[in-house]
Amino acid sequence: MPFVSKPRKFNASINETVLGVGDKAVTLGGLNTLPLHFFDAPAKNPPAVGIEITDVDADLSAFPELAAFYEGAKTPAERAKKAAAAEGAQFVCLRFEGADPGGLNRSAAECAAIAKEVAEAIDLPLVISGCKNVEKDAEIFAACAEATSGKNVLFLSAREENYKTVGASTALAYGQKVGAESAVDINLAKQLNVVMTQLGIAPGSIVMNVGSAAAGYGFEYVASTLDRVKAAALEQNDNMLQMPIMTPVSAETWGVKESIMPEQDMPEWGSQEERAVAMETVTASACLASGSDAVILRHPKSVKTIAAMIAALL
Amino acid sequence: MALKGLDIFKLTPKKNCKDCGCPTCMAFSMKVAQGALSIDKCPHMSPEALATLAAATEPPMKTISIGEHKLGGETVMLRHEKTFVNKNLFALDLCAGMDDAAIDAKLAEADKVDYERIGERMRVECVYVSVKPEHGAERGAAVVKKAAATGRDVILHCCDAALAGDILKAAAADVKVLAGANADNWEAMNALATEHNLVLGVCCKDLSDAHDTIEKLEAAGNKNLIINICAESIKDAFSFTVQIRRAALKDGDRTFGYPTIVNVARLAPEDYTMQAALASLFTVRYGSVIVLGRMTYAEALPLFGLRQNIFTDPQKPMKVEPGIYPLNGADENSVVAVTVDFALTYFIVSGEIERSGVPTNLIITDAGGYSVLTAWAAGKFSAGSIAKFFEENDIASKIKSRTLILPGKVAVLKGELENKLPDWKIVVGPNEAIQLVRFLKDYK
């Protein structure tokens, strides 16, 4: 008996959300098959890969390739230009590490100036992520949304504690896109989407971040949350879970032991840079396989590899 | 077609003899229907009933043993639907055409990675040895023996039945899987695999051809198979692997109810970053043996961690061993912090303490593998349980410091703990692990 392929398509699909403006604008979502199952139906928009830079000039001496890539780039705008030229990068994520009240405590006005410079320096879509402090993020997002008005920027993210201020100051006031961040739980993810749409934000302006973890650090929760969200969106046509998902992989993976342990402290583990690249590449691939519609990575080598893998699966 | 408990009950003797270990025939039938027991546990079934039931209750995907490892036996497509049963294995890719120095270097490099993580030994379990006619049987057997000498299970990939036969004559005891059966050679390969009692790998360059070959092999009586995904492109390899699993579990196609081998080293030669990305993809989606060109710590740390995560049973929390974990070179005078044995909590808390650089003795108590708040709510992480742990493990004589940091979320335990451990200064720590770095630095 010959084998007959049974393509599995759904009547429901993931929302399409556009980031950026002009030729380089990126559309996230649109899929009506399970993640990466492009053999079931051609991909309308393949998953997107973004490259992350920070507002602070970090010490890259432990990562020679990364240091060489950003050599000579002193300002965030200069780094953004180099990042935007990385092979496979479709958007740039500017992370305001320096806004952390426990760190540099950069003011909202300073952040807005940086965001404006970065947005003007590149033609790729821009994603702005905060410092994980809910009050401070709300402040800087409001200022940055105004400064980058008209650029169709995505802000990562609004959370349960600050979704009203963040949602109002980004999506409602300036027509920007907004992320909805929840902690690896399908019900929390849905709840946040419900209250954000009740606030008046169009579902098409929302991108979910359902939480992430590095491979080995409770990734089973991330994988199962992604699996369940996609199942609810496609099989049950739950329109409060059909927003595309962006996973900031690098923000997790570059903080775990495997990526931060210097080679001299752990000689048998080998090159720290190779470890950091492998950690984010493996985690990103697993996220995409489970359901992320976009991932954010830091190292140009990881960006290139993941973009090439997606292209090879098309 | 899965049978319902009642359908099975109709075929039982209905005597409630308890020979099967169940109190009643009905209870037994329900267990069989759930897949918890096999039908042959009942000694009183008629042969006709057995034949009817065996076909219907056969699992959708067979469990195949390779050495000490089990593969396959999966019942769900996604882990949250129940659980994944058998973790995938990793294999190192070798070719008989490589020179001895290169082979020795590859094996030595893989040997360096051998460590334990949450009670599981992490090392490459298999070696995948490809032999072609131009390499010859003698060379093939020599490489097989070299690979087997590392204590790993050898998968011999050879599509020439005569050559495979000669290699096996010299080295059958060192091989666990013979991969290379296809539409043309399946009879000869089947004879070899049966003679030497090996798992037979069926090449899958095309889903339909592979399906036909497996049907022929099954008709010939061989159900000890594994499907070797031999697609040329990454897209086809992923498509085949997913479709085979889907056909078996979703569409009841038992012909495809076998585990798979995916060689990512062949799909992305020399590009180890791409191989790691693909190995991750196939760990999450249905590869049973994943073959890589190398396994250094760079690939091993994320891949083994990922595999351990994906193949945990969602109904059972991952636990770490209770005890004292000295971090950042902590000694008996270093401050003490206490938390629960939930693996995720341990990894996050120990990671943050390591980031702080402050020498700290992290004490993990037995809290049933729950997170801090859950364990507290269940009464498994209380002043009593912490004090008992300190007493049983004689912490007071092992550590001279008398400062104990309590997770912020269970600050409520402070007073009671001060009563139970009067010599200790109880300090309430932060609510979230991420605040530990600052907390420990400021505290110091």
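This is a predicted model: local features need pLDDT of at least 70, side-chain atom pairs count only at pLDDT 80 or more; totals for chains, interfaces and linings use all residues.
Local features here need pLDDT of at least 70, side-chain atom pairs count only at pLDDT 80 or more, and totals for chains, interfaces and linings use all residues. Residues are numbered from 1 along each chain as its sequence is written, while chains are lettered from A and ligands numbered from 1 in the order in which they are written.

The C-alpha atoms of chain B fill a box of roughly 75 × 70 × 35 Å, taken along the principal axes. Chain B has 18 helices and 17 strands. Both kinds of element are DSSP runs numbered from the N terminus, helices being H or I runs of at least four residues and strands being E runs of at least two. As for contacts, two residues are in contact if their C-beta atoms, placed from the backbone, lie within 7 Å. Take the contacts in chain B between residues at least 6 apart in sequence: 64% of them join residues at least 24 apart.

Now for the place where the chains meet. On one side 45 residues of chain A are in contact with 44 residues of chain B on the other. In chain A, helix 7 (219-234), helix 9 (257-260), helix 10 (272-290) and helix 11 (300-313) each supply at least two residues of the side that touches chain B. Helix 10 of chain A gives the most to that side, with 12 residues. Sorted by class, the side of chain A that touches chain B has 22 nonpolar, 13 polar and 10 charged residues. Here Ala, Val, Leu, Ile, Met, Phe, Trp, Tyr, Cys and Pro count as nonpolar, Asp, Glu, Lys and Arg as charged, and the others, Gly among them, as polar.

Next come some helix pairs. Two packed helices are described by the angle between their axes and the distance between the axes. The axes are lines fitted to C-alpha atoms, for helices over the stretch in contact, and the angles run from 0 to 180 degrees between N-to-C directions. In chain A, the axes of helix 3 (residues 108-121) and helix 4 (residues 134-147) come within 8 Å and cross at roughly 40°, so helix 3 and helix 4 of chain A are oblique to each other. For reference, angles under 35 degrees count as roughly parallel, over 145 as roughly antiparallel, 65 to 115 as roughly perpendicular and the rest as oblique. The contact between helix 3 and helix 4 of chain A involves 9 nonpolar, no polar and 3 charged residues.

Chain B has pairs of its own. The axes of helix 5 (residues 137-148) and helix 6 (residues 161-171) of chain B come within 8 Å, crossing at roughly 50°, and these helices of chain B are therefore oblique to each other. In their contact, Ala137(B), Gly140(B), Ala141(B), Val144(B) and Lys145(B) of helix 5 meet Leu163(B), Asp166(B), Ile167(B), Ala170(B) and Ala171(B) of helix 6. That contact has 7 nonpolar, 1 polar and 2 charged residues. Helix 6 of chain B also pairs with helix 7 (residues 186-195) of chain B, their axes coming within 9 Å and crossing at roughly 10°. That makes helix 6 of chain B roughly parallel to helix 7 of chain B. Ala161(B), Ala164(B), Gly165(B) and Leu168(B) of helix 6 and Ala188(B), Met189(B) and Leu192(B) of helix 7 make the contact.

Ala121(A) lies in helix 3 of chain A and is partly exposed, with 19 other C-beta atoms within 10 Å. Leaving out residues up to four places away in sequence, Ala121(A) touches Ala77(A), Ala80(A) and Lys81(A). The peptide bond from Leu156(A) to Ser157(A) is cis, with omega near -5°, and Ser157(A) lies in strand 6 (residues 154-158) of chain A. Asn328(B) has a phi near 55°, a positive value in a residue other than glycine, and sits in the loop between strand 13 (323-327) and strand 14 (335-339) of chain B.

Technical notes. A residue is buried if 20 or more other C-beta atoms lie within 10 Å of its own, exposed if 12 or fewer, and partly exposed in between; C-beta atoms are placed from the backbone.
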